[in-house]
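Subject: Structure handover

Hello,

Here is the structure I promised to pass on. Please open it alongside this email; my notes follow below.

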Amino acid sequence: MSTVQKGVAIIRFCFILKHFLREEMKINKKSKQKTIGDFMRFAMWTWGRSNISGMRFFLRVGLRLLLAKKRKAKNQKNIKGFIPAVIAISPTMRCNYNCRGCYSRSRISNNELLTSELDFLYSEAEELGVLSIVVTGGEPYLRSDTIELMEKHKRLLFIPITNGSKITGELANRIAKSGNIIQLVSIEGFEEHTDNRRKKGSYKTASIAMELLRNAGACFGFAATNTSENSKFLGSDIFIDRMIELGCTLGYFTEYVPCGPHPQKKWLLSEEERNFFREKVLDFRKRKPIVLIQFPQDEYGEENRCTAAGIASLHINSEGGIEPCPFIDISVENIRTGGLKAACESPFLKAIRERGNLLQRDKLACSLFEHYSELEELARKM
Ligand SMILES: C[S@@+](CC[C@H](N)C(=O)[O-])C[C@H]1O[C@@H](n2cnc3c(N)ncnc32)[C@H](O)[C@@H]1O
Ligand code: SF4
């Protein structure tokens, strides 16, 4: 690299740093409604300022996200719908666990998207200006192409979620080196809660996975499903401190949604439990060096409005079906006929967006699941 090129690169980095610092400062303004995007940016900044390779990660991802936002704004003019900022994708619904209450256990996975189809999908996402891909399932690392494709598509920020069972030292190193992956490892509280909901030994497996990620220098966090059984423990200082000790930069709480083959009604949070947990999260945010994101509160915001169905996100299932979100197993269109543009222009998702009541939640954590039968009816009419 010549001196001039180095100079240009430094100026470019300074510009991004300035932009991101400005955005980061906004997070502290009490008046601003924080979005999940704000929290993710804050998590990257927290990771970035903790070490040199973290700062490199923050600056590179920052630059790519800025460019992606520009592409998104430009392409949006030619799309009859929305280009979502985030796409959740389940490369497989197969899993080596059988966790109680998991929404994916009733899904069939016998016609999975091929590597070439996923590759094409990610290229389209890059071109359209999608910012981030949440890789879920099933267990995404049951497919060896999961890491290969994430490494290949550098213009996307990948957030894979795993049970941790396939994380080896080698995989952790690849995740750390990729420069475009923030890994989430699922855990349900302490050993008792995790082993009880997931499987015997799963707490240890998840903890070892986190240790491997920490030793490799990866940016990672935990994902926990919040139920009436584990809420008290997830909301305790000792749990959060343990996650910090394991090296988590962020934590993602999802309130249990009673979907899937064996819905657990007894796990639903009462209004009191929900309010109590929210208070705990807000309190931790002031006191703990970890970025915490809470679903549905941080997604729905003050307007109590779901941002799935293509507004800010959508879900592509393992067979290419275009779904409003991972909790809803209803699709009308498929990316195999029309690609990602078809997902952005999906008439089914548009119809959901046009019926505002479907996006407002009442008692459950997910408004779309709350209106499941209306969605089925809507899909039948398409
Ligand atoms: C379906 S899993 C797929 C990824 C991977 N197998 C794992 O366990 O992390 C993604 C996340 O969804 C959570 N989850 C599963 N069923 C849920 C439900 N009914 N309500 C809320 N979260 C759920 C899991 O606990 C996990 O954190
Ligand atoms: S939560 Fe994840 S690990 Fe557990 S059964 Fe579901 S997909 Fe598998």
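Two strands pair if DSSP finds at least two bridges between them. Helices (H or I, at least four residues) and strands (E, at least two) are DSSP runs, numbered from the N terminus. With that in hand, His315 stands opposite Glu323 in β9.

This is a predicted model, where local features need pLDDT of at least 70 and side-chain atom pairs count only at pLDDT 80 or more, while totals for chains, interfaces and linings use all residues. Residues are numbered from 1 along each chain as its sequence is written, and chains are lettered from A and ligands numbered from 1 in the order in which they are written.

**The sheet**

Nine strands make up an open sheet. Their order is β7-β6-β5-β4-β3-β2-β1-β8-β9, with mixed pairing. At the edges sit β7 and β9 (322-323), each pairing on one side only. In general, strands of a sheet pair through backbone hydrogen bonds, either parallel or antiparallel.

Start with β3 (157-162). β2 and β3 run parallel, joined by four bridges. In that pair, Ser132 faces Leu157 of β3 as its opposite residue. From β2 the chain passes through α5 to β3, and this β-α-β crossover is right-handed. Right-handed has a set meaning: with the strands pointing away from the viewer, the path from the first strand over the helix to the second runs clockwise. The chain then goes from β3 through helix α6 (residues 169-178) to β4, again a right-handed β-α-β crossover.

β3 also pairs with strand β4 (residues 183-186), in the parallel sense, over two bridges. Thr162 stands opposite Val185 in β4. Helix α8 (residues 202-216) packs on the sheet and touches β4 and β5. The direction of α8 makes about 160 degrees with that of β4. Here contact means that two C-beta atoms, placed from the backbone, lie within 7 Å. Axes are lines fitted to C-alpha atoms, for helices over the stretch in contact, and angles run from 0 to 180 degrees between N-to-C directions.

How many residues of β3 are buried? Six of its six. A residue is buried if 20 or more other C-beta atoms lie within 10 Å of its own, exposed if 12 or fewer, and partly exposed in between, with C-beta atoms placed from the backbone. In a regular strand the side chains alternate between the two faces of the sheet. For β3, Leu157, Ile159 and Ile161 are buried on one side, and Phe158, Pro160 and Thr162 on the other.

β8 (313-316) is covered on both faces too. Ser313 and His315 are buried on one side, Leu314 and Ile316 on the other. Strand β1 (residues 86-89) pairs with β8 in the parallel sense over four bridges. Ile87 stands opposite Leu314 there. β8 and β9 run antiparallel, with two bridges. Their hairpin has five residues between the strands, and in it Gly320 takes a positive phi near 95 degrees.

**Around ligand 1**

Which residues come nearest to ligand 1? They are Asn163, Ser186, Ala223, Thr225 and Val257, out of 19 residues around it. A residue is near a molecule if its C-beta atom, placed from the backbone, lies within 6 Å of it. β3 and β5 (220-226) each supply at least two residues of this shell. By class, the shell has eight nonpolar, 10 polar and one charged residues. Ala, Val, Leu, Ile, Met, Phe, Trp, Tyr, Cys and Pro count as nonpolar, Asp, Glu, Lys and Arg as charged, and the others, Gly among them, as polar.

**A helix pair**

Helix α2 (residues 36-48) packs against helix α3 (residues 52-76) at an angle of about 145 degrees. Their axes are 7 Å apart. Met44, Trp45, Trp47 and Gly48 of α2 meet Gly54, Met55, Phe57, Phe58 and Val61 of α3. This contact has seven nonpolar, two polar and no charged residues.

**Backbone points to check**

- Gly137 and Gly138 are joined by a cis peptide bond, with omega about 20 degrees. Gly138 lies in the loop between β2 (132-135) and α5 (145-152).
- Phe295 to Pro296 is also a cis peptide bond, with omega near 10 degrees. Pro296 lies in the loop between β7 (291-295) and α12 (297-300).
- Asn304 is not a glycine, yet has a positive phi of about 55 degrees. Asn304 counts as partly exposed, because it has 13 C-beta neighbours inside 10 Å.
- Ala309, not a glycine either, has a positive phi of about 55 degrees. Ala309 is buried, with 29 other C-beta atoms within 10 Å.

Best wishes
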